[in-house]
Amino acid sequence: MDLFLTQVVPVRQKLYRFAYRLLGNEEDAQDVTQDVLMKVWSQQEKMTELQNMEAWCMRITRNLALDKIKSKKYRLADELDRAGEVPATQHSPHAIAEKNDVMIKVRQVISELPEKYRTIIQLRDMDGYSYQEIADILELDMNEVKVNLHRARKAVREKLQNIQVYGL
């Protein structure tokens, strides 16, 4: 129980944010986070054997979120709804609108990536996980993480350039 309280409970917000990014829905993300905590709780005997508890919890979160997506044929929320979540700044309304447009395009491009690329780019560039942590979470070799992250960033960059130059 000590391991659960000291290593799992503190990361529950990270688990929620990760689930939310995968599902795009607050209620479903809360459900998945709760399911993860219950699953981890039920497998307490494994906790002492694990080297990276957070990575294990993130992997469970990813798997449960993907199961939810598959079972419900989930649709990500409309990007325009998310645009309202960007906090207001002291910039001009024009600058804010321009920034929101860019963020909408970036999110849209990322959402169109294959699932593996999308997950890696979210874990690294949005959540700040190290390559090794991502490798642990996704059960991949660290070189594979680096290659896939490079390819994901390149795909995002190329799509954004096509949008900017050709309006595609």
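**Notes on the helices and their contacts**

1. Let me start with one side chain. Leaving aside residues up to four places away in sequence, R62 touches F18, L22, E115, T119 and L138. This arginine belongs to helix α5, which covers residues 53-72. R62 has a relative accessible area of 16%; since buried means under 20%, R62 counts as buried. Please keep in mind throughout that the model is predicted.

2. Now the overall layout. The chain contains ten helices and zero strands, and its pattern along the sequence reads α-α-α-α-α-α-α-α-α-α. Of the 168 residues in the chain, 36% are buried. Taking the contacts between residues at least 6 apart in sequence, 65% join residues at least 24 apart.

3. Aromatic pairs come next, and the structure holds two of them. In one, the ring centres of F4 and W41 lie 5.0 Å apart with the planes at 80 degrees, so this is an edge-to-face pair; the cut-off for that class is over 60 degrees. The pair links distant parts of the chain, with F4 in helix α1 (residues 2-8) and W41 in helix α3 (residues 26-42), 37 residues apart. Are the two partners buried or partly exposed? F4 is buried, at a relative accessible area of 11%, whereas W41 is partly exposed, at 38%.

4. Do have a look at α8 and α10. Helix α8 spans residues 115-126 and helix α10 spans residues 142-166; their axes are 9 Å apart and the packing angle is about 95 degrees. The two helices are therefore roughly perpendicular to each other, as angles of 65 to 115 degrees fall in that class. On the α8 side the contact involves K116, Y117, I120, I121, R124 and D125. On the α10 side it involves E144, V145, N148, L149, R151, A152, R153 and V156. Sorted by class, this contact has seven nonpolar, six charged and one polar residue.

5. Helix α10 also packs against α9, at an angle of about 105 degrees and with the axes 8 Å apart. That angle makes α9 roughly perpendicular to α10. Which residues make the contact? From α9 they are Y131, Q132, I134 and A135, and from α10 they are M142, V145, K146 and L149. Six of these residues are nonpolar, one is polar and one is charged.

6. Y131 deserves a point of its own. The charged end of R124 sits over the Y131 ring, 4.3 Å from the ring centre. The charged end of K146 sits over the ring of Y131 too, 5.5 Å from its centre.

7. My last point concerns the backbone. Most residues other than glycine have a negative phi. E139, however, has a positive phi, near 55 degrees. This residue is placed in the loop between α9 (131-138) and α10. E139 counts as exposed, with a relative accessibility of 60%.

Definitions and conventions: Residues are numbered from 1 along each chain as its sequence is written. This is a predicted model: local features need pLDDT of at least 70, side-chain atom pairs count only at pLDDT 80 or more; totals for chains, interfaces and linings use all residues. Side-chain values use heavy atoms; hydrogens and water are left out. Rings of Phe, Tyr and Trp (its six-membered ring) pair if their centres lie within 6.5 Å; planes under 30 degrees apart count as stacked, over 60 as edge-to-face and the rest as tilted. Helices (H or I, at least four residues) and strands (E, at least two) are DSSP runs, numbered from the N terminus. Buried means under 20% relative accessible area, exposed over 50%, partly exposed in between (1.4 Å probe, protein chains only). A charge sits over a ring if NZ of Lys or CZ of Arg is within 6 Å of the ring centre and within 35 degrees of the ring normal. Axes are lines fitted to C-alpha atoms, for helices over the stretch in contact, and angles run from 0 to 180 degrees between N-to-C directions. Angles under 35 degrees count as roughly parallel, over 145 as roughly antiparallel, 65 to 115 as roughly perpendicular and the rest as oblique. Contact means heavy atoms within 4.5 Å. Ala, Val, Leu, Ile, Met, Phe, Trp, Tyr, Cys and Pro count as nonpolar, Asp, Glu, Lys and Arg as charged, and the others, Gly among them, as polar.
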